[in-house]
Amino acid sequence: MSAASCLLTEDQFLCSICLDVFTDPVAIPCGHNFCKTCITQHWNVNVPSQCPNCKKVFNTRPELQINTFISEMAAQFRQSAQQKTELGKTEAEIQQMIQKRELKIQEIKHSVELSEEDADREIADGVYVFTALKESVERRMNELMHTIKEKQRKTEKQAEGFIKELEQEISELKKRSTEVEQLSRSEDHLHLLQSFRTLNTAPPTRNWTGVRVSSPSHEGTVRRAVNQLEETLSEQMKKLLTEAELKRVQQSAVDVTLDPDTAHPKLILSDDGKQVKLGDVRKNLPDNPERFDRWANVLSKQSFSSGRFYYEVQVEGKTKWDLGVARESINRKGSITLTPQDGYWTICLSNENKYKACANPSVRLSLKSQPQKVGVFVDYEEGLVSFYDVDAAALIYSFTGCCFTEKLYPFFSPSPNEGGKNSAPLIISPVNHTE
């Protein structure tokens with residue numbers, strides 16, 4: 001039966017009335033087969049009884065008997081169809097599994113590529129730092145050698161001077177010795193009497209008893225040079241590492257624009273959304289939930305909930321400002337405290353040269369120079385917010401161990417104008433990667 005079923009087609013097991021696989025198939029006298037329910041309902045509606053296929057009319061409704069052969073074959077076909085359907089589902093599931101694994105392979109390869117890029121950058125940074133440090137060591141070594149050789153040169157020059165003077169005295173003494181010897185042998189008594197007083201005394205010479213050519217002391221020279229080198233390398237290493245770090249975080253630069261829907265009504269935003277300053281007139285704007293209503297603050301349009309991002313803000317010419325990031329759920333109405341507990345990670349300038357990190361408690365920052373451009377870097381998963389003096393390639397401050405669970409928005413506050421002293425805008429600048 002199974003061999004025969006392989007020769008049968010799907011059409012042979014379809015009822016011509018319901019167009020589905022036979023259910024309880026019956027054969028009528030003309031030889032055509034139908035589902036028992038289908039032909040019964042057909043004849044109940046259509047009188048006299050007639051074959052739907054060949055139109056043969058039966059004066060007496062035929063007695064319907066289940067065609068066991070067709071029934072078994074239909075059951076097998078139905079089972080086969082179900083198995084094919086299940087196989088189709090299995091095949092689809094397998095294809096989906098294959099696709100997922102192919103995507104995972106692509107993801108892993110991409111991760112390896114990113115890791116390789118990171119490794120190449122790290123190697124390049126390492127080569128840059130160590131080459132610079134090596135050059136500093138070589139420079140200090142050359143300076144040390146020059147110092148020691150210069151001391152030796154002065155010693156040699158002093159010794160040469162002494163030797164030259166001694167040789168001149170020896171020459172004078174030899175000349176006097178010759179004259180004295182000749183005079184002592186002279187038979188000219190008158191000449192002896194005339195020359196005796198002059199030649200009886202030695203020519204004037206230096207007292208060389210206390211004269212010494214001492215070897216120059218190099219005691220502590222190497223130690224002092226090493227100590228100086230250590231201090232220089234320590235400072236240079238900090239600078240080089242920060243330069244390399246800044247160069248690396250600049251790779252995460254994003255495009256940031258200001259969101260006018262969050263801006264305090266006195267703030268003036270540029271058309272391109274890159275500059276903000278405080279105006280004198282409070283504009284009549286909708287008091288939507290996103291807008292700051294008391295403090296002159298504004299957020300960016302862009303938010304970040306994963307990964308790393310970096311942007312730079314020009315603060316040149318300002319005497320007060322606040323910069324950083326804020327979480328989405330911050331309070332924007334009434335009095336605001338800029339602390340991490342309240343959802344703000346910021347640094348600020350006040351009184352022209354007083355910098356602080358707005359932690360709890362706040363941290364006074366001692367900076368060697370006043371930043372003209374501040375870089376802000378966030379690593380969401382690492383819980384890190386860092387601020388950089390871009391021009392000096394120096395780290396200003398880092399918030400570490402932060403726990404971010406919401407969207408973060410870049411935060412800006414140009415602060416009051418202070419009679420025009422602080423009227424310069426905060427400007428979101430394009431990132432020019434550190435060389």
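1. Let's start with the overall build. The chain comes to 5 helices and 17 strands. Its radius of gyration is 50 Å, well over the 22 Å that the globule rule gives for 435 residues, so the chain is more spread out than a compact globule. Please keep in mind as you read on that this is a predicted model.

2. Along its principal axes the trace spans about 195 × 75 × 35 Å. As for burial, 33% of the 435 residues of the chain count as buried.

3. Now for helix α3, which covers residues 68–184 and has 117 residues. From its first C-alpha to its last, α3 reaches 167 Å, close to the 174 Å expected at 1.5 Å a residue. The N-terminal end of α3 is capped by Asn 67. A side-chain oxygen of Asn 67 lies 3.2 Å from the backbone nitrogen of Phe 69.

4. Cys 403 is in no disulfide either: the nearest cysteine sulfur, in Cys 402, is 9.0 Å away. In terms of accessibility, Cys 54 is partly exposed, with a relative accessible area of 37%, while Cys 403 is exposed, at 66%.

5. Strand β6 (residues 275–278) pairs with β17 (residues 426–429) in the antiparallel sense over 2 bridges. Gln 275 has Ile 427 of β17 as its bridge partner, and Val 276 has Leu 426. Strand β8 also pairs with β17 in the antiparallel sense, over 3 bridges. Here the bridge partner of Glu 312 is Ser 429 in β17. Both faces of β17 are covered: Leu 426 and Ile 428 lie on one side, Ile 427 and Ser 429 on the other, and all are buried.

6. A word on one residue of β8. Arg 308 belongs to this strand, which runs over residues 308–314. Is Arg 308 buried or exposed? Arg 308 is exposed, with a relative accessible area of 51%. Arg 308 and Lys 318 are 10 residues apart in sequence, and their C-alpha atoms are 28 Å apart in space.

7. There is also an open sheet of 6 strands, with antiparallel pairing and the order β7-β16-β9-β10-β11-β12. The edges here are β7 and β12 (363–365), each with a single partner strand, so one side of each is left without a neighbour in the sheet.

8. In this sheet, have a look at β16. Why is strand β16 (residues 408–413) described as largely enclosed by the rest of the structure? The reason is that 6 of its 6 residues are buried. Leu 408, Pro 410 and Phe 412 point one way from β16, and Tyr 409, Phe 411 and Ser 413 point the other way; all are buried.

9. The neighbours of β16 can be followed residue by residue. Strand β7 (residues 298–299) runs antiparallel to β16 and is joined to it by 2 bridges. Leu 299 stands opposite Phe 411 in that pairing. Strand β9 (residues 321–327) is joined to β16 by 6 bridges, again running antiparallel. In this case Val 325 stands opposite Pro 410 of β16.

10. Finally, β9 continues the sheet towards β10. These strands run antiparallel and are joined by 6 bridges, with β10 taking in residues 344–350.

How values were computed. Residues numbered from 1 in each chain as written. Predicted model: local features only at pLDDT ≥ 70, side-chain atom pairs only at ≥ 80, totals over all residues. Heavy atoms only, no water. Helix = DSSP H or I, 4+ residues; strand = E, 2+ residues; numbered from the N terminus. Expected span 1.5 Å × (residues − 1). Polar contact = N/O pair within 3.5 Å; in protein donor to acceptor, adjacent residues only side chain to side chain. Buried < 20%, exposed > 50% of the residue type's maximum accessible area, 1.4 Å probe, protein only. Disulfide = S-S within 2.5 Å. Pairing = 2+ DSSP bridges. Rg over C-alpha atoms; globule rule 2.2 N^0.38 Å.
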